[in-house]
Amino acid sequence: MSAFDDRSAGTRGGLHQPPTTETALVLFSGGQDSATCLAWALERFGRVETLGFDYGQRHVVELACRDALRARLLREFPRWAPRLGLDHTLELAALGALSETALTRETEITMQADGLPNTFVPGRNLVFMAFAAALAYRRGLKHIVLGVCETDYSGYPDCRDDTVKAMQVALNLGMQARFVLHTPLMWLDKAATWHLAEQLGGAALVELVRAESHSCYRGDRSHAHAWGFGCGECPACELRAKGWQGYRAAPG
Ligand SMILES: [Zn+2]
């Protein structure tokens with residue numbers, strides 16, 4: 001599914017079909033969304049590489065969750081294991097140094113006058129997409145998969161469908177390439193994202209994502225909840241908790 005195809009993953013008959021021979025690069029932060037996207041890509045592509053960014057985020061613990069998620073995917077999903085390829089991590093300290101946000105500084109998470117939470121890191125996803133494309137170019141990969149979503153989100157403008165579409169055009173022009181930016185979660189709310197995980201890998205994948213993926217902005221892995229670990233109070237925890245409750249209230 002390209003950024004120009006708005007249908008959700010489950011409606012295209014792509015689930016449990018033989019994978020293509022192509023390789024995809026998944027922007028893999030270790031959060032619920034990117035973990036689900038990784039499973040989506042493993043179901044669809046013959047080879048999948050992952051990319052994480054270290055930009056001084058307060059929830060750097062999510063980077064450690066990436067290893068646990070990858071290890072359990074290898075161990076518990078033999079169908080996908082041969083397809084899971086290299087993991088890349090890029091340091092983007094400059095992004096953290098530039099941004100005065102609650103995602104990169106020890107300040108209280110609040111709403112700003114412009115209606116965005118102060119966890120918004122200006123340009124973050126634009127930078128991520130540009131670096132992902134540069135890596136994909138070097139690796140000879142066409143497909144880039146992002147877990148961004150504008151259905152059930154914090155309002156970050158660089159998560160929106162139009163932004164991703166515009167970046168796909170800009171990257172293809174600027175690198176003389178034909179990248180396809182896939183956003184399988186764009187029109188799914190958080191409950192539907194859990195349902196997608198269930199469609200892809202059953203209860204085992206839901207449990208893996210629930211237990212090992214990380215969403216909490218404060219990097220809290222000490223408080224256990226039904227929906228996973230987190231402080232339970234920050235906007236990311238609230239979103240995750242609400243999605244989990246919606247999923248559990250209406251099982252697929
Ligand atoms: Zn939290």
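1. Leaving aside neighbours within four places in sequence, Val26 is in contact with Ser34, Cys37, Leu38, Ala41, Val48, Thr50, Leu51 and Val145, where a contact means that the C-beta atoms of two residues, placed from the backbone, lie within 7 Å. This is a predicted model, in which local features need pLDDT of at least 70 and side-chain atom pairs count only at pLDDT 80 or more, whereas totals for chains, interfaces and linings use all residues. Residues are numbered from 1 along each chain as its sequence is written.

2. Val26 is also one of the residues that touch the most other members of the largest nonpolar core, which has 56 residues, and Leu38, Ala41, Ala132 and Ile144 are listed with it. The largest share of this core, 9 residues, is contributed by H6. Apart from it lies another core, of 6 residues, including Tyr217, Phe229, Ala236 and Cys237. A nonpolar core is here a set of buried Ala, Val, Leu, Ile, Met, Phe, Trp, Tyr and Cys residues joined through C-beta atoms within 7 Å; a residue is buried if 20 or more other C-beta atoms lie within 10 Å of its own, exposed if 12 or fewer, and partly exposed in between.

3. Of the 252 residues of the protein chain, 44% count as buried. Its secondary structure comes to 7 helices and 7 strands, these being DSSP runs numbered from the N terminus (helices H or I, at least four residues; strands E, at least two). Among contacts between residues at least 6 apart in sequence, 67% join residues at least 24 apart.

4. An open sheet of 5 strands has the order E3-E2-E1-E4-E5, with parallel pairing, and two strands are taken to pair if DSSP finds at least two bridges between them. E3 and strand E5 (180–182) stand at the edges with a single partner strand each, so one side of each is left without a neighbour in the sheet. On average, and with direction ignored, neighbouring strands of this sheet are turned by 25 degrees against each other.

5. Strand E1 (residues 20–27) is joined to E2 by 6 bridges, the two running parallel, and Ala24 stands opposite Val48 in E2. Helix H1 packs on the sheet, touching E1, E2, E3 and strand E4 (143–145), and its direction makes about 170 degrees with that of E1. Helix H4 (residues 124–139) packs on the sheet too, touching E1, E2, E3 and E4, with a direction at about 145 degrees to that of E1. For these angles, axes are lines fitted to C-alpha atoms, for helices over the stretch in contact, and values run from 0 to 180 degrees between N-to-C directions.

6. Glu22 is found in strand E1 and counts as partly exposed because it has 14 C-beta neighbours inside 10 Å. Residues up to four places away in sequence not being counted, Glu22 touches Phe45, Gly46, Lys142 and His143.

7. The buried residues of helix H2 are Glu62, Cys65, Arg66, Leu69 and Leu73. They cover an arc of only 115 degrees around the axis, which puts them on the same side of H2; the arc is that of the directions from the helix axis to the C-beta atoms. On the other side of H2, Ala71 and Arg75 are exposed. What covers the buried residues of H2 includes helix H1 (32–44), strand E2 (45–54), strand E3 (84–91) and helix H6 (190–212).
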